[in-house]
Amino acid sequence: MRNMQYKVAHLINNAASAIFGFVFIAIWVGVLQGKENESPYSALDMTYYIAAVQCILWLSGFLTAGLNIQNGVRNGAISLELVRPTNFFLYVTSQEAGRLLYNFFFRSIPIGLVFALTVGFYVPQHVPSYLFLCISIFLAIIISINLHYLVGISACWTTEIDWAHFVNFTLLIGLGGQLVPIDLLPAPLSFITPYLPFAGAIYYPVMIFLEKVSSEVLFIQLFWAVLLTLMNLWLTEKARHKLEIQGG
Amino acid sequence: MNLYIKLISGSLRSRMQYKMNFLVSSLSYGLIMAVDFVLLAAILQRFDDVKGWNLFEVGLLYGISSVAITLYRVFCVEVHNFERYMVEGEFDSLLIRPVSPLSLLLTKNLDLSRIGGTIQGILILIISIIGLNLENVELFLLLIYLPISILAGVIICFSLGLLTATIAFWTQRIKDFQTFTLYAPFNAANYPMNIYPGWLKIIFFTVIPVGFMNYTPILFLLNKGGSLWNLALPPAVAIVFLFLSLRFWHFGIRHYHSTGS
């Protein structure tokens, strides 16, 4: 019975995610109607775009706040976790990666199917796109996990991460292109956002899927994935030292 | 009422103990909604309108919907987080008190950090009203009606929140349901209902009646269609919906079986 409750809740959540998608698609179709010549995207392009975004969000958008590191800080368990011989960064991130793998099969794919059966779902036409897509999604996940880790590990200094998570999530969704493809943003933003990590988490994998950007954007993603990982490894070391000084 | 004010002021004082935290979280919550609206503004600046609704007109819908849901989040935080009472078995302790469980839930806590979102919504309303540059009579009517529309919105939101909370008597967990019954519909209500396909419109005007709180009256107030009835509908729907949700809540309590321990 308990299992059944979870299944129903899960289904409801997937349905809600699809409804969010339908709402955003409706906005774009409403906006673009009769004005498609003014836009680099047709209404159908935007339908595919939003549908793909709703799927990728479950892999690189909706991650656990602070990867739950803050809970360990609050109840003191972090001191044990940090001194363990296993690498704390790898330990926390691989746990999240497991959850994302689950999301892929039980959220992204069913939601994608809903769109495929209702409004249509794009299928990449060229074989190399599939390889680039896999790499891009992989990098997107690394970028997003790192952003969330950054928020979580900040708890070692601030103890409270709610607001940091809010800000991170907003930037991820807003500047990541969840509602508006970032090339459509007004001038100063559209120059900067392509080079920010948020675009690497949502916009680029979606655009590679839709075959609308060259595979060179993978380098921007790779740059952020490496930089953020190194930064987090360094911060984890810092957190460990801070702990040693406090002793206890 | 006296009791309510006492309980609320107590919870207010406890919240203000952490002023910095309160300020930062209000600001960040406001920021989220600001970014959301800036993105919408970016689309509408570029493409002028969405099915005949310009930025300021959509801003009215957006503002009302945002203010309504954030006020609900400020005042009904325990109803919204009702899952905790089921999962941790705290509901029993509410049942043995002399005051009704719902009154206790409504007075127990305030989430003032959500005020940032309310202020944000009000700012959007002000900007939109200035931008619309209405004639005196229309402006007067709109200003008089706005509080009614917002209040109806809060009541509809509260009713939906309470209906969802009641589901917890059977399912324990409701977080997933809230995405379906609150977040998605209120997000949809930020935009004019005429952009949605028929089946979605039916949902938003029946089982999850968010379309009534802002779209119906604004349609009439901005001369986009409808009759005077459009102004009577929001409060009427809100009251009927509130009544139904209260009935369902009491039905849920009667069927509540403590897990005991």
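## Basis of the report

A salt bridge is a side-chain nitrogen of Lys or Arg within 4 Å of a carboxyl oxygen of Asp or Glu. By that rule, one salt bridge is found across the interface of chain B and chain A.

The model is predicted, so local features need pLDDT of at least 70 and side-chain atom pairs count only at pLDDT 80 or more, whereas totals for chains, interfaces and linings use all residues. Residues are numbered from 1 along each chain as its sequence is written, chains are lettered from A and ligands numbered from 1 in the order in which they are written, and side-chain values use heavy atoms, with hydrogens and water left out.

## Chain B

Chain B has 13 helices and two strands; helices (H or I, at least four residues) and strands (E, at least two) are DSSP runs, numbered from the N terminus. The C-alpha trace of chain B spans about 60 × 40 × 35 Å along its principal axes.

Of the 261 residues in chain B, 52% are buried. Buried means under 20% relative accessible area, exposed over 50%, and partly exposed in between (1.4 Å probe, protein chains only). Among contacts (heavy atoms within 4.5 Å) in chain B with a separation of 6 or more, 74% are between residues 24 or more positions apart.

B:Q120 is found in helix α8 (residues 115–132) of chain B. B:Q120 is buried, at 13% relative accessible area. Apart from neighbours within four places in sequence, B:Q120 is in contact with B:G30, B:M33 and B:A34.

## Interface of chains A and B

The contact between the chains takes 37 residues from chain A and 36 residues from chain B. The two chains bury about 3400 Å² between them, 75% of it on carbon and sulfur atoms. Buried area is the accessible area (1.4 Å probe) that two parts lose on being put together, summed over both.

On the side of chain B that touches chain A, two or more residues each come from α2 (19–47), β1 (49–50), α9 (136–171), α10 (175–188) and α11 (198–205) of chain B. The largest share of that side, 14 residues, comes from α2(B). By class, the side has 23 nonpolar, seven polar and six charged residues. Here Ala, Val, Leu, Ile, Met, Phe, Trp, Tyr, Cys and Pro count as nonpolar, Asp, Glu, Lys and Arg as charged, and the others, Gly among them, as polar.

## Salt bridges

Over all chains, the whole structure has nine salt bridges. B:D49 lies in strand β1 of chain B and A:K35 in the loop between α1 (2–32) and α2 (43–60) of chain A, so this pair joins two chains. B:D49 is partly exposed, at 22% relative accessible area, whereas A:K35 is buried, at 11%.

In chain A, the side chains of A:R99 and A:E96 meet in a salt bridge (2.6 Å, N to O). Both residues lie in helix α5 (residues 88–118) of chain A, three residues apart, about one turn of the helix. A:R99 is partly exposed, at 36% relative accessible area, but A:E96 is buried, at 1%.

In chain B, B:E78, B:R84 and B:E90 are linked in a network of salt bridges. The side chains of B:E90 and B:R84 meet at 3.4 Å, N to O. B:E90 is partly exposed, at 23% relative accessible area, and B:R84 is partly exposed, at 30%.
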